[in-house]
Structures are given as structure tokens and as C-alpha cells.
Amino acid sequence: MMKKHYQRYHYRRRNVTKLPVYKKALYIFKLSRQIVEYLRGDKSVLDLHRSKYIADQFSDKLVMASLGLAPKIAMAEATPDPNVKLESLSSIKRTTNALLHYCEKLEANHAHGKEFLSTLRKEVTKFGHLQNKWALSISNKN
């Protein structure tokens, strides 16, 4: 029964890897990993997760949140289900806001990494603008 429901929609998939918002999400993940490696040195992500230091915990959250952006974009692009699409878009928006928050917290804890975190915040802000445009285009498909 559900399958017939989805067949009513004329749905054309785009190649998600070519979307500017997807490329920016991958860039944000790469940049956040590089910044965290610079700030935290030789600690692994598991070490950051287990650490009692707040800066390590925010570093872990930054990397893990940025890791989730690209798969959420792919999910929103691939699904014909409008509810899944809307939940993915909402989750991406929340993650974008969380990334900005984590950058601010890390800037407060790391004087030597402020310029890198400022660059990441600018990229996350650009991602937010791209994400808004993309969300409108994907919402109009329904």
C-alpha cells in the first residue's frame, strides 16, 4: 500500500555529490577535523569523547556533528517520503546551529586556534545559506 502512495509523486533524483550544499558539508567536516587535530594534538576522537575536559568534549561534538551533515543531505535528497525529507531538513538546521555554538565554545577555550575557528564559523554560516536555498528547492519538489 505504501509503495503505491510514493508512486504518485513524480520524483527525480539529483546526483547528491554534485550539489553545492553537499560539497560544503564535506568541506566543513574536513575543516573541523583539521582544526580539532590542531587544537587537541595527538588525541583520537575516542579520547576526546571520554575526556573530562570541556574543550575536548566540544571538539568531539564539533567533529561528530559535522560528520552527520552529508548523510542527512543525501537522505533528504533520496527519499520520496515528505515526512523523512522534512525531518532531515530540520535536523540539518539544528546541526548547523549546534556547529556554530561549538565553535563559539571552543574559541573561548583556545586562544591559539581562534582564527581557524573563525574560518570554520564563516564556512558554517555559508553552509547555512546554501542549506536554506537547497531546502526551498527540495521542498518545492513535493
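User: What share of the accessible surface of the protein chain belongs to carbon and sulfur atoms?
Analyst: This is a predicted model. The accessible surface of the protein chain comes to about 8600 Å². Of that, carbon and sulfur atoms hold 57%.

User: How many helices and how many strands does the protein chain have?
Analyst: From the N terminus on, the elements run α-α-α-α-α-α. The count for the protein chain is zero strands and six helices.

User: What percentage of the residues in the protein chain is buried?
Analyst: Buried means under 20% relative accessible area. The protein chain has 142 residues. The buried share is 40%.

User: Which helices do the buried residues of α2 pack against?
Analyst: Helix α2 covers residues 20–40. Its buried residues include Ile28, Leu31, Ile35 and Leu39. The buried residues of α2 pack against α3, α4, α5 and α6.

User: What does helix α2 reach from its first C-alpha to its last?
Analyst: α2 has 21 residues. At 1.5 Å a residue, 30 Å is expected. Gly41 follows the helix, with a positive phi near 70°. The reach of α2 is close to the expected value, at 30 Å.

User: How many aromatic pairs does a search of the whole structure find, and is the pair of Tyr38 and Phe116 stacked or edge-to-face?
Analyst: The search finds two aromatic pairs. In one of them, the rings of Tyr38 and Phe116 lie 4.9 Å apart, centre to centre. Their planes are at 70°, and an angle over 60 degrees counts as edge-to-face. So the pair of Tyr38 and Phe116 is edge-to-face.

User: How many residues apart in sequence are the parts that the pair of Tyr38 and Phe116 ties together?
Analyst: Tyr38 lies in helix α2, and Phe116 lies in helix α6. The pair therefore ties together parts whose separation in sequence is 78 residues.

User: Is Tyr38 buried or partly exposed?
Analyst: Tyr38 has 42% relative accessibility. Buried needs under 20%, and exposed needs over 50%. So Tyr38 counts as partly exposed.

User: Which helices hold Phe58 and Tyr102?
Analyst: The rings of Phe58 and Tyr102 have centres 5.9 Å apart and planes at 50°, so this pair is tilted. Phe58 is buried at 12% relative accessibility. Tyr102 is buried too, at 16%. Phe58 lies in α4 and Tyr102 in α5.

User: Which residue lies over the face of Phe58?
Analyst: The distance from the ring centre of Phe58 is 5.4 Å. The residue over this face is Lys61.

How values were computed. Residues numbered from 1 in each chain as written. Predicted model: local features only at pLDDT ≥ 70, side-chain atom pairs only at ≥ 80, totals over all residues. Heavy atoms only, no water. Helix = DSSP H or I, 4+ residues; strand = E, 2+ residues; numbered from the N terminus. Expected span 1.5 Å × (residues − 1). Buried < 20%, exposed > 50% of the residue type's maximum accessible area, 1.4 Å probe, protein only. Contact = heavy atoms within 4.5 Å. Phe/Tyr/Trp six-rings, centres within 6.5 Å; stacked < 30°, edge-to-face > 60°. Lys NZ or Arg CZ within 6 Å of the ring centre and 35° of its normal. Areas by Shrake-Rupley, 256 points an atom, 1.4 Å probe, with all protein chains shown as cover.
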